[in-house]
Amino acid sequence: MRRIPGYAVGSYYKLGSPLAGLNANPMRGLVYLVTNQRKEPIPSSIQHPLHPGRNMMRLETPSAAYAYVADILAVHERDVRTALGITKPNIALVPIPAANVVRGNRTTDRWPSRDLALELERLGFGKVRPCVVHKDAMRPRFSYEEDPAQELAANLITIGKPMPNEAVVYIDDIVTSGDRVAAIDQALGQPPAAGIVTTAVSEEKARYDAYKLRTFALAYDPAASPWKVAIL
């Protein structure tokens, strides 16, 4: 069973979730902006305790949300490295492709995880390596559901590789089932030093303060049919 450690700055609860508790609304607003699925973004106000600004901030655009999340991660880089077990000095930031991203539009179309990774690169966290895209555009996610990992893997093409001296960090806007990350990890041959960084983990099993730092692990077994994928 392959296990990949992960780090998230909070939890995402669907609107109306009976488990949603403290700070669920501002984190939901942050995730809405980060996933960039709305033609007209809805501004959101947030005061995350891990953000270096420490004050209430109003985020108007996805770009502002990427910068906000990147600021949190960059200022806590040592903690992120420890949580992910990163010992190499260099990091490859591998964005998880959005459903629409194929070879022909990879530099021009909507790609939230790449844009978050670019903000991290700007802050010196690592180097963006857009290694994997889809062969054909897939249906957009609805209500943060994902296609099974083996179906996603069959529709991927590798267009690059991390450098040998780089630890691989998968950048995702939100981790739900983990199928997307598992598919990309398999496509890259299961890099020996790999971790996940994301804005939030989708949570429907327990009640947390949505601002609470989350460390987790993605476990998957591609030898099973269908693949066994779990967030631990």
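This is a predicted model: local features need pLDDT of at least 70, side-chain atom pairs count only at pLDDT 80 or more; totals for chains, interfaces and linings use all residues.
Q: Two strands pair if DSSP finds at least two bridges between them; with that in hand, which residue in S10 is the bridge partner of Tyr7?
A: Residues are numbered from 1 along each chain as its sequence is written, and side-chain values use heavy atoms, with hydrogens and water left out. Strand S1 and strand S10 (residues 194-202) run parallel and share three bridges. In S10, Tyr7 is bridged to Val197.

Q: How many helices and strands does the chain have?
A: Both kinds of element are DSSP runs numbered from the N terminus: helices (H or I) need at least four residues and strands (E) at least two. Counted that way, the chain has six helices and twelve strands.

Q: What is the radius of gyration of the chain?
A: This value is taken over C-alpha atoms, and the globule rule is 2.2 Å times the number of residues to the power 0.38. The C-alpha trace spans about 45 × 35 × 35 Å along its principal axes. For 232 residues a compact globule would come out near 17 Å, and the chain agrees with that at 16 Å.

Q: What share of the contacts between residues at least 6 apart joins residues at least 24 apart?
A: A contact means heavy atoms within 4.5 Å. Among contacts in the chain between residues at least 6 apart in sequence, the share that joins residues at least 24 apart is 72%.

Q: Why is strand S1 described as largely enclosed, and how many of its seven residues are buried?
A: Buried means under 20% relative accessible area, exposed means over 50%, and partly exposed lies in between (1.4 Å probe, protein chains only). Across the chain, 51% of the 232 residues count as buried. S1 (residues 2-8) is largely enclosed by the rest of the structure because its buried residues number five.

Q: Which residue of S11 is the bridge partner of Arg3?
A: S1 also pairs with strand S11 (residues 214-221), this time antiparallel, through seven bridges. Within S11, Arg3 has as its bridge partner Ala219.

Q: Is Ala217 buried or exposed?
A: Ala217 sits in strand S11. Beyond its neighbours within four places in sequence, Ala217 is in contact with Arg3, Ile4, Pro5, Gly6, Ala230, Ile231 and Leu232. Its relative accessibility is 10%, so Ala217 counts as buried.

Q: How far is Ala217 from Asp179 in space?
A: Asp179 is one of the buried residues in helix H6. H6 (residues 179-187) is mostly covered, with seven of its nine residues buried. Ala217 and Asp179 are 38 residues apart in sequence, and their C-alpha to C-alpha distance is 13 Å.

Q: What is the phi of Gln190?
A: After H6 comes Gly189, with a positive phi near 80°. Gln190, in the loop between H6 and S10, counts as partly exposed at 30% relative accessibility. Although Gln190 is not a glycine, its phi is positive, about 55°.

Q: Where is Asn36 found?
A: Asn36 is not a glycine, yet has a positive phi of about 50°. At 22% relative accessibility, Asn36 counts as partly exposed. Its place is the loop between helix H1 (24-35) and strand S3 (44-46).

Note on methods:
Two strands pair if DSSP finds at least two bridges between them.
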